[in-house]
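Dear colleague,

Please find below the structure that I am handing over to you. After it, I set out in order what was found.

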Amino acid sequence: MAKVIDDSMPTRISPDCPDETRQVLYHAWGHDLEGLKKILNARANASSAQDPKTGETPLHAAIRACGPADQTEPEGEDEEDGCVQEARDIVQELFFNGAIWNDVDSNNETPGCVADRLGRKALYGMCVDAGVRAELLFALMDGYEELSSGSDGGEDEDNKEDEKMADAEGSTAEGLKGDAAAAQDGAKFVPPEADEKPVTSDEYLKSDLTYDNEKLLDADLNGVMMAWETDIMKRSVSALLPGGATGKRILNVGFGMGIIDGMFAENKPSRHHIIEAHPAVLEHASKPDSKFGPEWEKSGPEEGAYKIHAGRWQDVVHRLLEEGEVYDAIYFDTFGEDYSQLREFFTELIPGLLEQDGRFSFFNGLGADRKICYDVYTKVVEMHGAEAGLDVEWEEIDVDMSALGEEGKEYRLPICTFMG
Ligand SMILES: C[S@@+](CC[C@H](N)C(=O)[O-])C[C@H]1O[C@@H](n2cnc3c(N)ncnc32)[C@H](O)[C@@H]1O
């Protein structure tokens, strides 16, 4: 059952809140634009002030103060009840002043999550747009050498914001955790789950793995691949090989449990290349009872047509490009990598690897456990795709999770093709 959240002001602005922060939160909550502007002009970083106990930021406060939208209003008119226009002005002012779109509060909600829960679509849209702007900016900055602020050696606020954007780059809500170490001083809000450690690619590739029929787990028991994802793999194959086309040239990045490769193999490809980096997965794939062992490699229409390329795609793909390999269908599903890796793959490598009328898809776990992150990444992928000349379409799928005793999940399956 969904947790009942108390949105009242006395609950959200705690008695322990320092006066300076309290003033910002009160003005945001009261939608007092002029008063808020004065504070924002007078004090740096006021837009990101945060109640140390509840994690309330001025964005949360401005949105929460609207209360739930009137669900009886016809579609499109639900925004005009109460004080939404005033809230929009406040939210805009806060974003102009550098408010952070993905700070979580003690309910593990970002301001956008609050807007969504309250049915405040226009405010939710503003949070998504702010997220997209932040992520695009972050992606741009990623390409530049980090410049030292040369200041007094203390961490300045700009750097903190960069870190948060860096965090948001994580492929899931991992990205929404603040800096737990910085929060240890007690004066700052510690986000829920702040102690969870994101998996890094280097650590993962060195870790021990365990296979069973249902899953592949890393040493920390993170699910690398789960059998419940089979339906997503099946739908991805249908999207990549419409009409069950046979004789195609296929590249799959990330073998895992070999689920998608088993499905690709049924379509009798003319070339089937797999890239896999983890030694334990490679060992598993080469076992005598594996469908992708030496016998499979020998069964291809010509030497080298069916092959598992051992190594990280970051290394292997350049070799494939030099050898002139081109594919009709490419699938990408790795583990322990973040959006910047996926972006590098589809913006820098897909243009050379994919046939002009070919199709590319990837496992879309980007922010999947938080609706706003999913929506932000959907737009960011479309924009980065367009820069690389790719059109991105999405197929919405309901994933059945009943085998795990969980509610079904919505999955957005990407299908990328070259424009024009
Ligand atoms: C989620 S699993 C893939 C599951 C697969 N789609 C299936 O149907 O079973 C991710 C795989 O990517 C591999 N991997 C992770 N990083 C990689 C990298 N940089 N290059 C190649 N493979 C990588 C992992 O070892 C793992 O086998």
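**Findings**

C127 is buried, and its relative accessible area is 0%. Please keep in mind throughout that this is a predicted model.

I begin with the cysteines. How many disulfides does the structure hold? The number is 0. For C127, the closest cysteine sulfur belongs to C113, and the two sulfur atoms are 8.9 Å apart, which is too far for a bond. A disulfide requires the sulfur atoms of a cysteine pair to be within 2.5 Å, so the distance of 8.9 Å from C127 to C113 rules out that pairing. A further cysteine, C17, is also buried, with a relative accessible area of 5%.

Next, I turn to the backbone. Most residues other than glycine have a negative phi. H31 is not a glycine, yet its phi is positive, at about 50°. Where does H31 lie? H31 is found in the loop that links α2 (19-29) and α3 (33-42). With a relative accessible area of 10%, H31 is buried.

N108 likewise has a positive phi, of about 60°, although N108 is not a glycine. The loop between α5 (84-96) and α6 (111-117) contains N108.

At 13% relative accessibility, I39 counts as buried. Which residues does I39 touch, if those up to four places away in sequence are not counted? They are Q23, V24, H27 and A46. One of these, Q23, is 16 residues from I39 along the chain, while their C-alpha atoms are separated by 8.4 Å.

Finally, I come to the strands. Strands of a sheet pair through backbone hydrogen bonds, in either a parallel or an antiparallel manner. In this model, 3 strands form an open sheet with the order β1-β2-β3, and their pairing is antiparallel. At the edges are β1 (210-211) and β3 (223-226), each of which pairs on one side only. β1 is joined to β2 (residues 215-217) by 2 bridges, and these two strands run antiparallel.

Yours sincerely

Technical notes: Residues are numbered from 1 along each chain as its sequence is written. This is a predicted model: local features need pLDDT of at least 70, side-chain atom pairs count only at pLDDT 80 or more; totals for chains, interfaces and linings use all residues. Side-chain values use heavy atoms; hydrogens and water are left out. Buried means under 20% relative accessible area, exposed over 50%, partly exposed in between (1.4 Å probe, protein chains only). Helices (H or I, at least four residues) and strands (E, at least two) are DSSP runs, numbered from the N terminus. Two strands pair if DSSP finds at least two bridges between them. Contact means heavy atoms within 4.5 Å.
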